[in-house]
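I am opening a notebook on this structure. The entries below set down what I looked up, one topic at a time.

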Amino acid sequence: MINNLRYADDTVLIAENKEDLQKLIDIAATESKRMGLELNNKKTEVMVISRRPNLNADLFVDGTKLKQRDSFKYLGITITQDGKNYTEIKARIAQAKTNFQKMKPLLTNNKITITTRKRALQCYIEPMLMYGCKAWTITKEIQRKIEAAEMWFFRRMLRVPWTARKTNEEVLKETEATRSLMNRIRRRQAKFVGHIMRREGLENLITTGRMEEKKSRGRQREKRLDGMTSWMGTKRVTDTLSETWDQESWKDMIANAKGQGT
């Protein structure tokens, strides 16, 4: 069981229930004091990740109740209490658009060839949107937002006003481009999955492991591998994972995957 994640001076304590988490906090506080350190109550916060909303977790450090949050940013990634990527991906799209506006004089300059401007877009804007995409679970709704953001970039590079009745196909023809952002995200995800499957480490166990509890009622959540399996054209997730062991074959599958654009 993993009960803590550490990066530099950031520590995340993890437990399945409130009682176990309180024990971990008490141990961390006691051992810190023993070494002459002290937990900062103002910077220490709690979040419950669950399908059930608005669950309370009253946890304390030296009698001081810790603040509970419904979202938290860790290592640049926004984690929400429902465990979904929706908020993080929306924030990534918004950040990419903000930075596009900062580079607008360059990206919309007609004196610079469209080829050069597209390269600038891929170098400076799209990486902000794609940060952390290897771990995203992409639903159809999220895919539509990503594709809409891609067209937003192209339309503004051509200075197409929102009142103009230009179709996406006409905009793509003028920019001499195809819809490729989703394909590049999927390729990154596929390469990452192939890498962790062949390593047979902790990431492999997390990816292939199964929960022992019964499935909840209603429609099940889409998993990260479900969308990738559909994109690669394989029938089942198990078929997809079995292909990762042959690195050359896996590279060919990624290169030949049929997605949106090229």
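**Entry 1: terms and source.** For burial I use relative accessible area: buried means under 20%, exposed means over 50%, and partly exposed lies in between, with a 1.4 Å probe and protein chains only. The model is predicted, with local features needing pLDDT of at least 70 and side-chain atom pairs counting only at pLDDT 80 or more, while totals for chains, interfaces and linings use all residues. Residues are numbered from 1 along each chain as its sequence is written, and side-chain values use heavy atoms, leaving out hydrogens and water.

**Entry 2: the whole protein.** I looked up the secondary structure and found 11 helices and 8 strands. Helices (H or I, at least four residues) and strands (E, at least two) are DSSP runs, numbered from the N terminus. Along the principal axes, the C-alpha atoms fill a box of roughly 65 × 45 × 40 Å. Of the 262 residues, 32% count as buried. I take contact to mean heavy atoms within 4.5 Å. Among contacts between residues at least 6 apart in sequence, 61% join residues at least 24 apart.

**Entry 3: Asn204.** Is Asn204 buried or exposed? Asn204 is buried, with a relative accessible area of 11%. I place Asn204 in helix H8, residues 202-208. Leaving aside neighbours within four places in sequence, Asn204 is in contact with Ile196, Met197 and Trp245.

**Entry 4: Thr80.** I find Thr80 in strand E8, and at 9% relative accessibility Thr80 counts as buried. A polar contact of 2.6 Å joins the side chains of Thr80 and Asp82. Not counting residues up to four places away in sequence, Thr80 touches Met47, Ile49, Asp70, Ser71 and Thr87. I also checked Thr80 against Gly233: they are 153 residues apart in sequence, and their C-alpha atoms are 31 Å apart in space.

**Entry 5: H2 and H5.** Next I turned to helix pairs. Axes are lines fitted to C-alpha atoms, for helices over the stretch in contact, and angles run from 0 to 180 degrees between N-to-C directions. Angles under 35 degrees count as roughly parallel, over 145 as roughly antiparallel, 65 to 115 as roughly perpendicular and the rest as oblique. Helix H2 (residues 86-102) packs on helix H5 (residues 140-157) at about 5 degrees, with the axes 11 Å apart. That makes H2 roughly parallel to H5. The contact includes Ile89, Ile93 and Phe100 of H2 and Ile142, Ile146 and Trp152 of H5. I sort residues by class: Ala, Val, Leu, Ile, Met, Phe, Trp, Tyr, Cys and Pro are nonpolar, Asp, Glu, Lys and Arg are charged, and the others, Gly among them, are polar. The contact of H2 with H5 divides into 11 nonpolar, 1 polar and 5 charged residues.

**Entry 6: H5 and H6.** The axes of H5 and helix H6 (residues 168-175) come within 10 Å and cross at roughly 60 degrees. H5 and H6 are therefore oblique to each other. From H5, Met151, Phe154 and Arg155 meet Asn168, Val171, Leu172 and Thr175 of H6. By class I get 4 nonpolar, 2 polar and 1 charged.

**Entry 7: H7 and H9.** At what angle do the axes of H7 and H9 cross? The axes of H7 (residues 181-199) and H9 (residues 224-232) cross at roughly 110 degrees and come within 10 Å. That makes H7 roughly perpendicular to H9. Among the residues making the contact are Arg186 and Phe192 of H7 and Leu225 and Trp231 of H9. The contact has 7 nonpolar, 3 polar and 3 charged residues.

**Entry 8: two backbone angles.** Leu75 is not a glycine, yet I noted a positive phi of about 55 degrees. Leu75 lies in the loop between strand E7 (71-74) and strand E8 (77-80), and counts as partly exposed at 39% relative accessibility. Glu176, also not a glycine, has a positive phi of about 55 degrees. Glu176 sits in the loop between H6 and H7 and is exposed, with a relative accessible area of 57%.

Technical notes:
A polar contact is a pair of N or O atoms within 3.5 Å; within protein, one must be able to donate a hydrogen and the other to accept it, and residues adjacent in sequence count only if both atoms are side-chain atoms.
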